[in-house]
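Here are some notes to read beside the structure. Please keep the sequence open while going through them.

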Amino acid sequence: MPSNKSVSDAPIVQLTNCRILRSHQLQREDLWVREGKILNPEKLFFDEKGSADIQLDCKDSIIAPGFIDVQINGGFGVDFSLATDDFKSGIDLVSQKILSHGVTSFCPTLVTSPPSVYHQVLPQISIRNGGAHGAGILGAHLEGPFISKEKKGAHPEHCLRTFEAGAFQDLLATYGSLDCVRIVTLAPEMKRSSEVIRELTKRGICVSLGHSVANLSQAEEAVQHGATFITHLFNAMLPFHHRDPGIVGLLTSDKIPAGRRVFYGMISDGIHTNPAALRIAHRAHPKGLVLVTDAIAGMGLAPGRHTLGQQVVEIDGLNTYIAGTKTLSGSVATMDTCVRHFQEATGCSVETALEAASLHPAQLLGIEHKKGTLNYDSDADFLMLNDGLYVQATYIAGEEVWRQDALGM
């Protein structure tokens, strides 16, 4: 009879006494892990005649896929839009600290900046797997500078750009390189944006619509050219109007190409969107909702003055404003807080709240075969949570990378 050794020498871990989020349901099953992947126990028993080397009692915890944050500008004093000599150690610090929020993968986000910043920062961002050193990096999210002056929000006006004759070449010259870029947020009403959207999509880069005064037909045209995401719905776009619902109208548009889903980011921090707006969006298009933090350097720090790229921002409680104004500028919310607020505000199921921070962002980026689920053969990036959806432990590739100490429980 073959033993485990015939397939792999790696230890098999069995997590017992847990409820696993699988196929949109919390199921009372064990989770089996080996070599950083989730195992199919049937294959293990019947094909390999294998058994567990290590058993972990989860004490009735929820086991959910790790959270994926596709819009995070920094945190803990680190600003991804500032070109500093120690940028790499800054990104390492953030990736390590967000493990306690349940984030196992993220897209470091740069707000509108001068070309020199992109040229210095982007070569220092490398796509990498997560581990004990911190959450995995899926690639950069470049929010701007090709956005609307009217809806610039916290983005510095003097750095905004438009597409000139060689539109895609303009974009390349501005960013310097697209090697590590995963998402680009732009305003679709800009002249020549269609060709840019097509070129980015062709390269496997997700195009997001945001900081825009686009009407619905301009937004629909952008989706027909390949755009698949909306940056922080309701924020920095035309408000919903019944005769022209603008970008918001994409949630129920009948002009989305067959087989395509439009996703939309929501900053569910209780500040950026009224709970009623969160409920409207969720009820209109539940399968497209992606929770994002839009966190800035001040996340995890005391109130006061901090930066967001070229701007000075002021943190007052959970509010962050451009200093001296009432213009909101990112958030200081953590991903686990956003998940809890979303569940509370919408009354949705625990499964739905967890999938908005895991499955949906993975689907948006086309990585749902590896991340965002606990399906067999997917990456063993998962969280242990209590019934209040507080993170108790974070695992990447099957290894525990963070645990809530007994005192903090």
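1. Start with a charge and a ring. In this predicted model, R340 lies over the face of Y390, at 3.8 Å from the ring centre.

2. Ring against ring comes next. The count of aromatic pairs is seven. F80 and F87 are both buried. Elsewhere, one aromatic cluster is formed by Y118, F146, F163 and Y175.

3. Which residues does the UniProt annotation "binding site" cover? According to that unreviewed entry, they are E143, H211 and H232. These residues span 90 residues in sequence, yet no two of their C-alpha atoms are more than 11.0 Å apart, so they gather at one spot.

4. Take E143 from that group. E143 belongs to strand β11, which runs over residues 140–143. Is E143 buried or exposed? Its relative accessibility is 2%, and the limit for buried is under 20%, so E143 counts as buried. Leaving aside residues up to four places away in sequence, E143 touches a list of residues that includes T109, H155, T185 and D294. The other two annotated residues, H211 and H232, are also among its contacts. With Q71, the side chain of E143 makes a polar contact of 3.1 Å.

5. H232 sits in a loop, the one between β14 (229–230) and β15 (263–266). At 4% relative accessibility, H232 is buried as well. Its contacts, again without residues up to four places away in sequence, include Q71, E143, M237 and D294. The side chains of H232 and H211 are joined by a polar contact of 3.3 Å.

6. The last item is helix α6, residues 216–224. Its buried residues are L216, A219, E220, A222 and V223. Why do they fall on the same side of α6? They cover an arc of only 155° around the axis, which puts them on one side. Just after α6, G226 has a positive phi of about 130°.

Technical notes. Residues are numbered from 1 along each chain as its sequence is written. This is a predicted model: local features need pLDDT of at least 70, side-chain atom pairs count only at pLDDT 80 or more; totals for chains, interfaces and linings use all residues. Side-chain values use heavy atoms; hydrogens and water are left out. Buried means under 20% relative accessible area, exposed over 50%, partly exposed in between (1.4 Å probe, protein chains only). Helices (H or I, at least four residues) and strands (E, at least two) are DSSP runs, numbered from the N terminus. The arc is that of the directions from the helix axis to the C-beta atoms. UniProt positions are given in the numbering used here, feature names are shortened, and annotations may be inferred rather than shown by experiment. Contact means heavy atoms within 4.5 Å. A polar contact is a pair of N or O atoms within 3.5 Å; within protein, one must be able to donate a hydrogen and the other to accept it, and residues adjacent in sequence count only if both atoms are side-chain atoms. Rings of Phe, Tyr and Trp (its six-membered ring) pair if their centres lie within 6.5 Å; planes under 30 degrees apart count as stacked, over 60 as edge-to-face and the rest as tilted. A charge sits over a ring if NZ of Lys or CZ of Arg is within 6 Å of the ring centre and within 35 degrees of the ring normal.
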